Amino acid sequence: MVDVTGVREAVMEEAAACGRPDGVVLMAVSKTHPYEAVMEAYAQGQRLFGENRVQEIASKFPPRAQRPEDMVLCLIGHLQRNKIRKVIPLVDRIDSVDSIPLMDSIERELASIDRTMDVLFEVNSSGEEQKSGFADEASLMEAVAHLSACPHIHLAGLMTVGPLGGDEQRIRSAFRYTRSLFERLDSMGLALEVLSMGMSADYALAIREGSSEVRIGTAIFGARTYDV
Ligand SMILES: *Cc1c(COP(=O)(O)O)cnc(C)c1O
């Protein structure tokens, strides 16, 4: 059963306990679950959705014009440059931008269709080599500087995936690190709105470390039949 209502209450409770009752947005991560489940969540008031694979978005979701107008879909998984042309018409935001070549390809595609798009920069906050994301502060800052060459890309915030199965201290320090980068960019005058941190297993820690958006799959839709 799809349970947006219960998860939303739990997220709001955690946010309120941190003194930010309206400070955390819930993203429903619907990967591996059918479009019927997405619409069930929508019927429970959910508007923001995340998917991690371009191919799955293309085969699962109807074209944007045929979705509810206020449904917002974000790509949260690694994006290969050869899938950019395919994914841009299908999503509202790309949360996994993690290199300057990727920025250049996205910019070129957006310019060709005269569209501006919100993106998040993904940060590798755990130091795990298999994780995507900018590996350190210097490379993130280079990408921020490169925004001036990408007028069709609007940086809306940062996203990170915490260390999986890590202990609480490691998870918290990864989130704290990402938040410190977020505040650094904020102090540079980039008006960022989104700090996307936290999944089903670690969203409470993420909220305590300042997350403004949590990405929840399993707790809303149930276990996935295959892991991705
Ligand atoms: C799958 C996924 C999630 C959701 O994970 P759950 O543990 O099912 O809540 C969040 N973020 C990303 C990037 C994912 O790929």
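This is a predicted model: local features need pLDDT of at least 70, side-chain atom pairs count only at pLDDT 80 or more; totals for chains, interfaces and linings use all residues.
Among contacts in the chain between residues at least 6 apart in sequence, 63% join residues at least 24 apart.

**The chain as a whole**

The chain has a radius of gyration of 17 Å, and because a compact globule with 228 residues would have a value near 17 Å, the two agree. Taken along the principal axes, the box filled by the C-alpha atoms is roughly 45 × 40 × 30 Å. Of the 228 residues in the chain, 53% are buried.

**Strand 1 and its neighbours**

Four of its five residues are buried, so the strand is largely enclosed by the rest of the structure. It pairs in the parallel sense with strand 8 (residues 213-216), over four bridges, and in this pairing Met27 stands opposite Arg215. Strand 1 also pairs in the parallel sense with strand 2 (residues 48-51), here over two bridges, and Ala28 stands opposite Phe49 of strand 2. Strand 1 and strand 2 also belong, together with helix 2 (residues 35-43), to a β-α-β unit that is right-handed.

As background for reading any such strand, side chains in a regular strand alternate between the two faces of the sheet.

**Aromatic rings**

How many aromatic pairs does a search of the whole structure find? The search finds two, and they are set out in the table.

| Aromatic pair | Centre to centre | Angle between planes | Arrangement |
|---|---|---|---|
| Tyr35 and Phe61 | 5.3 Å | 70 degrees | edge-to-face |
| Phe121 and Phe134 | 5.4 Å | 70 degrees | edge-to-face |

The pair of Tyr35 and Phe61 links distant parts of the chain, with Tyr35 in helix 2 and Phe61, 26 residues away, in the loop between helix 3 (54-60) and strand 3 (72-75). Both Tyr35 and Phe61 are buried. The pair of Phe121 and Phe134 likewise links distant parts of the chain, since Phe121 lies in strand 5 (residues 117-123) while Phe134, 13 residues apart from it, lies in the loop between strand 5 and helix 6 (137-146). Both Phe121 and Phe134 are buried.

A further ring takes part in a contact of another kind: the charged end of Arg47 sits over the ring of Tyr42, at 3.6 Å from the centre of that ring.

Key. Residues are numbered from 1 along each chain as its sequence is written. Side-chain values use heavy atoms; hydrogens and water are left out. Buried means under 20% relative accessible area, exposed over 50%, partly exposed in between (1.4 Å probe, protein chains only). Two strands pair if DSSP finds at least two bridges between them. A crossover is right-handed if, with the strands pointing away from the viewer, the path from the first strand over the helix to the second runs clockwise. Rings of Phe, Tyr and Trp (its six-membered ring) pair if their centres lie within 6.5 Å; planes under 30 degrees apart count as stacked, over 60 as edge-to-face and the rest as tilted. A charge sits over a ring if NZ of Lys or CZ of Arg is within 6 Å of the ring centre and within 35 degrees of the ring normal. The radius of gyration is taken over C-alpha atoms; the globule rule is 2.2 Å times the number of residues to the power 0.38. Contact means heavy atoms within 4.5 Å.
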